[in-house]
Amino acid sequence: MIEEVLNILQMMGNSLRIPTSFVIIESIGTIAFAISGIRLASAKNFDWFGAYIVGMATAIGGGTLRDVMLGIPPFWMTNPLYIICCAGALVYVILFGKKIINQNSTWFIFDTIGLALFNIIGLEKTLNMGYPYWMAVIMGCITGAAGGVIRDILINEVPLIFRKDIYAMACIAGGIVYVVGNAMGLQAEVNAILSAIIVISTRLLAVKFHWQLPILKGETDESDKK
Amino acid sequence: MIEEVLNILQMMGNSLRIPTSFVIIESIGTIAFAISGIRLASAKNFDWFGAYIVGMATAIGGGTLRDVMLGIPPFWMTNPLYIICCAGALVYVILFGKKIINQNSTWFIFDTIGLALFNIIGLEKTLNMGYPYWMAVIMGCITGAAGGVIRDILINEVPLIFRKDIYAMACIAGGIVYVVGNAMGLQAEVNAILSAIIVISTRLLAVKFHWQLPILKGETDESDKK
Amino acid sequence: MIEEVLNILQMMGNSLRIPTSFVIIESIGTIAFAISGIRLASAKNFDWFGAYIVGMATAIGGGTLRDVMLGIPPFWMTNPLYIICCAGALVYVILFGKKIINQNSTWFIFDTIGLALFNIIGLEKTLNMGYPYWMAVIMGCITGAAGGVIRDILINEVPLIFRKDIYAMACIAGGIVYVVGNAMGLQAEVNAILSAIIVISTRLLAVKFHWQLPILKGETDESDKK
């Protein structure tokens, strides 16, 4: 029974990993991330250039930070696809502006699929370079979540994922599943799909049921003044 | 006719590129960038150390980001010239303080020349490493404009170039001219001067005629609250 | 007489540098840095994940920036000790919360010892890679002080060390002593202890006597508006 499920997942994996579909998913994820950045930039009255940079930082910032720390050239420097996707996102926001609000749930899904995929890319890249499992989980999380932190720094806001949203925890859950699967000898494709399911379902459930990490109680103002 | 103009430009190029003049221009550009950072830091009541760091981030931050992404040691780590120029800028601001306001147009010119030069340095460095043209344009723009973004993050302001000023677009215009010239086989010196002329004139005209990129219309507050 | 003092310092150095003690000091320093970040994050009502990231950025951000600029893998990527220390710091703050205020002077001492040690690690690492003395002083300062800047960027505040506190100047003083000692041929262990004494005493004296760098006088608001 389990073997059958794994076979089915593996077939899904094989079909998923044919380059074309992979590139399509990656492009949609990049566009979804960029749109989230561009919309926040527009709320701050950035000009087109500023919005484009914030969109790019959101979409490729996490992977860039990962690659710089891994000591390899940032992934977008060898393939103009990502720059072009971000430009497409900018054009889309310029053209459709406020109508995007009505597509919020659609973009939320794309954003979540992008998160799952970026997480897996970070996991695989780090493991392929021979790093241990705990580093892979961290790098997957950075790939998925650090772009949003850079975005919030650029628009001069406190990073959203530090106060709510279990965005990063979804990456970590998916990352742990991935490295456990890897240690158990699961095929990479099966593993990737399992991990993506965990990331996506964690995030969807978290939003639906308002899951939240505990807030760290601040020391009171009076105490601070002592 | 065109050949003659190119010859003249080439001679200008040869004279410009003798190391001494080059170092002088680069130093003046570094000082102008550092002064812009130090002045903004002083408006926030930073101490001397804080102002120095903000000055340095403005002057060498863009090139550092470029070099880290290119995987080479940041340029200022092999030559103390830049650190010293920034120290000179700090001493200058400490000594002359408010009088610098009367020199605003002078420093604006130096800042613009610095921008043109930094852009060219980024373009050449990236092309010399074998990257494609579009990467060179991006890296030239990062060299010229990213320092100001880092400066604004350090003083906790929304980056200025994201909301007005066509600072970065001047770099991109100059960068496109440079790579077109390079593809047409122009000598590097001629090419550098042409590119510098584009950057400088774009910026001067933009300020004079209040050119601005379109602002991205923000979604209304009401919509945001939905 | 001087030779005897040096001998004593050297023996202290030898005992200090046996790996176990070294690791203990480094761990305590890491925990102290992380706690300072986590406490500031708690004042902003960050959740546990956000607080953990800010704690990590404070403790390992400086060394990460140093290693990225030196072109080597960030130190924490090859040893999970630092990640674990930061997790310990988070648990400690969650459990003891407001009581930490009563331990302020204890954590201040640990933080200062950590600063001295991180500074020395940066100095040694940079010199071992063949960089000149001035680079070593800068890299020591970055190792000790940049984590606090990254922390303040993440919590969206103007970096504290740019306005008060001679945190970074203590690193620079200790760094200069270290490179002078190195140039004079002092043993690394003696040198490290001398440098640590300088950093620690500079910081303690600075806090006790309210030493401060001069504030850079801002241009007046009226002038700014011109």
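This is a predicted model: local features need pLDDT of at least 70, side-chain atom pairs count only at pLDDT 80 or more; totals for chains, interfaces and linings use all residues.
Colleague: What pattern does chain A follow when read along the sequence?

Modeller: Chain A has nine helices and zero strands, and buried residues make up 48% of its 226 residues. Of the contacts in chain A that join residues at least 6 apart in sequence, 71% link residues at least 24 apart. Read along the sequence, the pattern of chain A is α-α-α-α-α-α-α-α-α.

Colleague: What relation holds between chain B and chain A?

Modeller: Chain B can be laid on chain A with an RMSD of 0.0 Å, by a turn of 120° and a shift of 0.0 Å along the axis. That relation is the one given by a three-fold axis.

Colleague: Which rotation superposes chain B on chain C, and what percentage of the contact residues of chain B recur in chain C?

Modeller: The RMSD of chain B on chain C is 0.0 Å, with 0.0 Å of shift along the axis, and the rotation is 120°. The copies use different surfaces, since the share of contact residues of chain B that recur in chain C is 11%.

Colleague: Which helix of chain B gives the largest share of the side that touches chain C?

Modeller: In this interface 27 residues of chain B are in contact with 27 residues of chain C. The elements of chain B that give two or more residues to that side are α2 (19-43), α3 (48-70), α4 (81-96) and α6 (133-154). By class, the side of chain B that touches chain C has 18 nonpolar, five polar and four charged residues. The largest share, six residues, comes from α3(B).

Colleague: And which helix gives the most to the side of chain B that touches chain A?

Modeller: Here 28 residues of chain B are in contact with 27 residues of chain A, and α3, α6, α7 (167-183) and α9 (221-225) of chain B each supply at least two residues of that side. The residues on the side of chain B that touches chain A divide into 16 nonpolar, five polar and seven charged. With three residues, the helix that gives the most to this side is α6(B).

Colleague: Which residues touch the most other members of the largest nonpolar core, and which helix gives the most to this core?

Modeller: The largest nonpolar core holds 209 residues, and those touching the most other members are A:A34, B:A34 and C:A34. The helix that gives the most to this core, with 13 residues, is α6 (residues 133-154) of chain C.

Colleague: With which residues is A:A34 in contact, leaving aside its neighbours within four places in sequence?

Modeller: A:A34 is one of the residues that touch the most other members of the largest nonpolar core. Once the neighbours within four places in sequence are left aside, the contacts of A:A34 are A:G55, A:M56, A:T58, A:A59, A:C85, A:C86 and A:A89.

Colleague: How many residues of α7(C) are buried?

Modeller: Helix α7 (residues 167-183) of chain C has 17 residues and reaches 25 Å from its first C-alpha to its last, close to the 24 Å expected at 1.5 Å a residue. The buried residues of α7(C) include C:Y167, C:M169, C:I172 and C:Y178, and what covers the buried residues includes α3 of chain B together with α5, α6 and α8 (188-208) of chain C. The helix is largely enclosed by the rest of the structure, because the number of its 17 residues that are buried is 12.

Colleague: Is C:I121 buried or exposed?

Modeller: C:I121 lies in helix α5 of chain C, and this helix (residues 104-128) has 25 residues and reaches 36 Å from its first C-alpha to its last, close to the 36 Å expected. C:I121 and C:E26 are 95 residues apart in sequence, yet 9.8 Å apart in space, C-alpha to C-alpha. With 22 C-beta neighbours inside 10 Å, C:I121 counts as buried.

Colleague: What is the value of phi for C:N45 and for C:N156?

Modeller: C:N45 is placed in the loop between α2 (19-43) and α3 (48-70) of chain C, and C:N156 lies in the loop between α6 and α7 of chain C. C:N45 counts as partly exposed because it has 16 C-beta neighbours inside 10 Å, and C:N156 counts as partly exposed with 16 such neighbours. Most residues other than glycine have a negative phi. Phi of C:N45 is positive, near 60°, and phi of C:N156 is positive, near 60°.

Conventions. Residues are numbered from 1 along each chain as its sequence is written. Chains are lettered from A and ligands numbered from 1 in the order in which they are written. Helices (H or I, at least four residues) and strands (E, at least two) are DSSP runs, numbered from the N terminus. The expected span of a helix is 1.5 Å times one less than its number of residues. Two residues are in contact if their C-beta atoms, placed from the backbone, lie within 7 Å. Ala, Val, Leu, Ile, Met, Phe, Trp, Tyr, Cys and Pro count as nonpolar, Asp, Glu, Lys and Arg as charged, and the others, Gly among them, as polar. Copies are superposed by least squares on the C-alpha atoms of residues with pLDDT of at least 70 in both. A nonpolar core is a set of buried Ala, Val, Leu, Ile, Met, Phe, Trp, Tyr and Cys residues joined through C-beta atoms within 7 Å. A residue is buried if 20 or more other C-beta atoms lie within 10 Å of its own, exposed if 12 or fewer, and partly exposed in between; C-beta atoms are placed from the backbone.
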